[in-house]
Amino acid sequence: MQRMFLRRTGLALLLMIAASALTFVLITAAPGNVAALIAERSVGAGADGAMIRRIEEELGLNDPLPVRYLRWLGDAATGDFGVSLRSGKPMAEEFATRIPVTAMLLAGGGVLALVLSLAFGIAGAVSNGGVLDRLLHGLALLGASTPNFFVAALLVIAFSVGLGWLPSFGVSGISSWLMPWMTIALFPGSVLARVVRVNLQEAMSRPFATTGFAKGLTRRAVLVREALPNILIPFMTTFGAQFTLMMIGAIVVERVFGLNGIGAFFIEAIRFRDFIGMQAVLLLFVVFFVTVNLIVDIAAMLADPRLRRPKRA
């Protein structure tokens, strides 16, 4: 089993390196000259060609692309992500202040999506084609079809403008997180609710469910005690995929609610052509995506012994 864990970790590291190389090449190939941008923001429009060439030499922008990538990756591994062209601050400082905001958003949204999906999925399975099941099905389809920005606008109109219960901008206590959490949790919670409902329905047709009914257990008892543990693996894998997608949703949610997180910084970096900031944030996204999927794979292997068995030819 330890060999399988090491193999999965090694593959994850290779995937990180490959994805980071791709993002580095894409950002490098984007229109614009980093040295010219630095010169313009240092002395204004009076930057001449000599100054631009000097900056290119100092930053090593004339070196071959593989050399530049390895140097950038080595610096990033030691915590040196460069200096943001937009703010003039080291990216390590930007990450130190912005990562906790995004982490708070993702953690609260992930917990809310988890709770809502289990509650709606189990309630629909208990109803089993009844009015509640059809109602929750419709709500899940609606939640999975509604864009984040539209959900955010509806919540602001209802709870901030109309009722005045919640703040609509910035961070001023736990109440300021409620609408961002609801916004970012709606889509993954709706998708996961359907995963729970469909997998519970399939599990209820298996022999162990029939045995449970033969023992005199109620449908609710069979669902919770027999069927629910058997959908753990598909639920975990789907939750991991949806949780990584929440990082993309955070880009929109942070902008709407005025949260100074990584997503908001990424939008500003694109607007101001902050190539160094974009490279650093994309590398952070790559590490986040791969790490979450690695954790889910390892958790699934620990939960299901069948996944730990070596595959035979």
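Predicted model: local features only at pLDDT ≥ 70, side-chain atom pairs only at ≥ 80, totals over all residues.

Start by selecting phenylalanine 275, which sits in helix α13 (helices, H or I of at least four residues, and strands, E of at least two, are DSSP runs numbered from the N terminus). Phenylalanine 275 is buried, with a relative accessible area of 6%; buried means under 20% relative accessible area, exposed over 50%, and partly exposed in between, using a 1.4 Å probe and protein chains only.

Residues are numbered from 1 along each chain as its sequence is written, and side-chain values use heavy atoms, with hydrogens and water left out.

Zoom out to the whole chain for a second. What does the secondary structure come to? You get 13 helices and 0 strands. Of the 313 residues, 40% are buried. Take the contacts (heavy atoms within 4.5 Å) between residues at least 6 apart in sequence: 71% of them join residues at least 24 apart.

Next, go to serine 84, in the loop between α4 (65–77) and α5 (91–127). Is serine 84 buried or exposed? It's buried, at a relative accessible area of 2%. Show side chains and you'll find a polar contact from serine 84 to the side chain of aspartate 274, at 2.5 Å. (A polar contact is a pair of N or O atoms within 3.5 Å; within protein, one must be able to donate a hydrogen and the other to accept it, and residues adjacent in sequence count only if both atoms are side-chain atoms.) Skip the neighbours within four places in sequence, and serine 84 is in contact with Lys89, Met91, Phe265 and Asp274.

In the meeting of α5 with α12, Met91, Glu94, Phe95, Arg98, Ile99 and Thr102 face Ile262, Gly263 and Phe265. Sort these residues by type and you have 5 nonpolar, 2 polar and 2 charged (Ala, Val, Leu, Ile, Met, Phe, Trp, Tyr, Cys and Pro count as nonpolar, Asp, Glu, Lys and Arg as charged, and the others, Gly among them, as polar).

Now colour the largest nonpolar core, 41 residues, in which Leu105, Leu106 and Val281 have the most contacts. Such a core is a set of buried Ala, Val, Leu, Ile, Met, Phe, Trp, Tyr and Cys residues joined through side-chain atoms within 4.5 Å. Helices supplying at least two residues each include α1 (2–29), α8 (175–203) and α11 (232–257), while α13 gives the most, with 9. Centre on leucine 106: beyond four places in sequence, its contacts are Ile184, Phe243, Met246, Met247, Ala250 and Phe288. Apart from this core lies another, of 14 residues, among them Ala125, Ala203, Ala209 and Ala221.

Last stop: serine 190, in helix α8. Serine 190 is buried too, with a relative accessible area of 6%. Which backbone oxygen lies 2.7 Å from a polar atom of its side chain? That of leucine 186. Not counting residues up to four places away in sequence, serine 190 touches Leu139, Ala140, Gly143 and Ala144.
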